[in-house]
Amino acid sequence: MNQLKTQLQNGASAFGRKAAAVGALSLGAVGVAMAEVPASATTALTTAGDDTNTIGWAVFAVLVAAAAFKYMRRAL
C-alpha cells in the first residue's frame, strides 16, 4: 500500500513540474510576442479606444434624451 502511495505521489509531482514548465514557457512566449508590437499599432489602439468612448457617451446621451422626452410627454 505504501508503495502505491509513493508511486502516485511521484507521478503527481512529475506532472506538477511539467505543468509548471509549460506555464512558464507560455508566459515567456507571450512576453516576446507583446514586445514585438510596433508603436504605431499601440497608438492606433489607443485612438480607437478614445473614439469608442466618445461614441459610447453619445449613444448614452441620446438614450437619456429619449427617456426624458418620453417622461415629459407622459407628464403633459
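Leucine 63 is exposed, with a relative accessible area of 55%, where exposed means over 50%, buried under 20% and partly exposed in between, for a 1.4 Å probe and protein chains only. The model is predicted: local features need pLDDT of at least 70 and side-chain atom pairs pLDDT 80 or more, whereas totals for chains, interfaces and linings use all residues. Residues are numbered from 1 along each chain as its sequence is written, and side-chain values use heavy atoms, without hydrogens or water.

Leucine 63 belongs to helix H2. Together with Ile55 and Val59, Leu63 forms a nonpolar surface patch of about 300 Å² accessible area. Such a patch joins nonpolar side chains (Val, Leu, Ile, Met, Phe, Trp, Tyr) within 5 Å, or like charges within 9 Å, from residues with over 30% relative accessible area and no salt bridge (a side-chain nitrogen of Lys or Arg within 4 Å of a carboxyl oxygen of Asp or Glu). Areas follow the Shrake-Rupley method with a 1.4 Å probe; for residues, only the protein chains shown count as cover.

Helix H2 spans residues 39-75 and also holds tryptophan 57 and phenylalanine 60, 3 residues apart, about one turn of the helix. Rings of Phe, Tyr and Trp (its six-membered ring) pair if their centres lie within 6.5 Å, and planes under 30 degrees apart are stacked, over 60 edge-to-face and the rest tilted. The count by this rule is 1 aromatic pair. Tryptophan 57 and phenylalanine 60 form that edge-to-face pair, at 5.7 Å centre to centre and 85° between the planes. Tryptophan 57 is exposed at 57%, and phenylalanine 60 is partly exposed at 47%.

The chain has 2 helices and 0 strands, taken as DSSP runs numbered from the N terminus (helices H or I, at least four residues; strands E, at least two). Of its 76 residues, 0% are buried. The chain exposes about 6800 Å², with 71% supplied by carbon and sulfur atoms.
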